[in-house]
Amino acid sequence: MRRTLIFGTYITALTITLFVLGSCVSDPDSSGLEYMPDMYRAPSIEVYVDNGEIRGKRFPKYKTALSALTPPNNSIPYYGKGDSMLVKLMLPYARKANILFRESHGLYGFNFSMFDEYALAINDKNPFLLTNKNSEEMFLKGKELYTAMCQHCHGEKGDGMGPMVMSGAYLGVPAYAERSALSDGQIFYSIYYGKGMMGAHNSLVTKKEIWTLVHYVRQFQNPDYGKFDKNGNPKSLVKMDSTVTKTK
Ligand code: HEC
């Protein structure tokens, strides 16, 4: 009887030891054998999970990929080649809003300047040059943005006769043709921070989209803007601020 008890204890101890040791694996980074993996890790791809594992299988290419799909608020996306124009555009806009814009244009949480940065923006150039290769696509995108965000005030033809103005609800929208003297940088600044009765659009459009809109506004001021002859030379002889170039 006593021997059976001792034997039984040995067997139980051995079973437990084997069971515990059974979960050991040689990989020091592994958590060992998991009996119910779904309880440790969700089978779906989750943000901030970068072990590259989906449903128990390892995918090395996901291991270093950005799995953080929802970055923290106010973080600046910054990816791509270090010198690319697009990467530069992801950094904050260098021109600050005038302090008066805080109240008048609802620009809270911005850095403000005491200087007239609208005047300084005169020298800013559109980084997206218009060429015979890209102008069609640029205007197509411009039209899409313009129709969604500007047309109701500025009108389909850019004459300041949008439905908001025609209904009598809104006044003071200029025809773009009256403002041909504006530089690209100023148009950008006005779209970004707003001007007079026009609100700020920086939370609605990216900087690339604003530069696209700058091109779109230009063709209301000069019908030949962004048009090219069959040799690829720009049709417009009037020099506008945006550089129109020929590319082979
Ligand atoms: C709510 C109506 C409204 C909307 C929407 C609107 N604008 Fe304006 N916009 C105005 C008014 C009013 C002015 C005249 C501002 C002034 O000079 O006092 C103006 C002025 C401008 C100017 C001249 C700026 C300058 O520096 O003189 C440009 C360029 C312009 N808008 C482009 C746009 C574009 C592009 C959009 C769409 C992203 C847009 N606007 C959306 C009402 C609007």
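This is a predicted model: local features need pLDDT of at least 70, side-chain atom pairs count only at pLDDT 80 or more; totals for chains, interfaces and linings use all residues.

Student: What percentage of the residues is buried?
Tutor: Burial is judged by counting neighbours: 20 or more other C-beta atoms within 10 Å make a residue buried. Of the 248 residues in the protein, 18% are buried.

Student: Now the ligand. How many residues surround it, and which are the closest?
Tutor: The shell holds 20 residues. The closest are C150, C153, S190, G196 and M198. Next, ask which elements supply the shell. Those giving two or more residues are α8 (151-154), α10 (184-193) and α11 (207-221). The largest share, 4 residues, is from α10.

Student: How does the shell divide into nonpolar, polar and charged residues?
Tutor: There are 12 nonpolar residues around the ligand, 6 polar and 2 charged.

Student: At what angle do α10 and α11 pack?
Tutor: Read the angle together with the distance between axes. For α10 and α11 the angle is about 120°, and the axes are 9 Å apart. Angles of 65 to 115 degrees would count as roughly perpendicular. This pair is therefore oblique. The crossing of α10 past α11 is right-handed.

Student: Which residues make that contact?
Tutor: From α10 come D184, I187, F188, I191 and Y192. From α11 come I210, W211, L213, V214 and V217. By class, the contact of α10 with α11 has 9 nonpolar residues, no polar and 1 charged.

Student: V217 is on that list. Is V217 buried or exposed?
Tutor: V217 lies in helix α11. V217 is buried, because 22 other C-beta atoms lie within 10 Å. Setting aside neighbours within four places in sequence, V217 contacts G158, Y176 and I187. V217 and I187 are 30 residues apart in sequence, and their C-alpha atoms are 8.7 Å apart in space.

Student: How are α7 and α11 oriented to each other?
Tutor: Their angle is about 95°, with the axes 8 Å apart. So α7 and α11 are roughly perpendicular. In α7, the residues in contact are M138, F139, K141, G142, K143, L145 and Y146. They meet E209, T212, L213, H215, Y216 and Q219 of α11. This contact of α7 with α11 has 6 nonpolar, 4 polar and 3 charged residues.

Student: One more residue. Where is K133, and why is it partly exposed?
Tutor: K133 sits in the loop between α6 (117-120) and α7 (135-149). K133 is partly exposed because 13 other C-beta atoms lie within 10 Å. K133 and F228 are 95 residues apart in sequence, yet 9.6 Å apart in space, C-alpha to C-alpha.

Note on methods:
Residues are numbered from 1 along each chain as its sequence is written. A residue is near a molecule or strand if its C-beta atom, placed from the backbone, lies within 6 Å of it. Ala, Val, Leu, Ile, Met, Phe, Trp, Tyr, Cys and Pro count as nonpolar, Asp, Glu, Lys and Arg as charged, and the others, Gly among them, as polar. A residue is buried if 20 or more other C-beta atoms lie within 10 Å of its own, exposed if 12 or fewer, and partly exposed in between; C-beta atoms are placed from the backbone. Axes are lines fitted to C-alpha atoms, for helices over the stretch in contact, and angles run from 0 to 180 degrees between N-to-C directions. Angles under 35 degrees count as roughly parallel, over 145 as roughly antiparallel, 65 to 115 as roughly perpendicular and the rest as oblique. A crossing is left-handed if the near helix is turned anticlockwise from the far one by less than a right angle, and right-handed if clockwise. Two residues are in contact if their C-beta atoms, placed from the backbone, lie within 7 Å.
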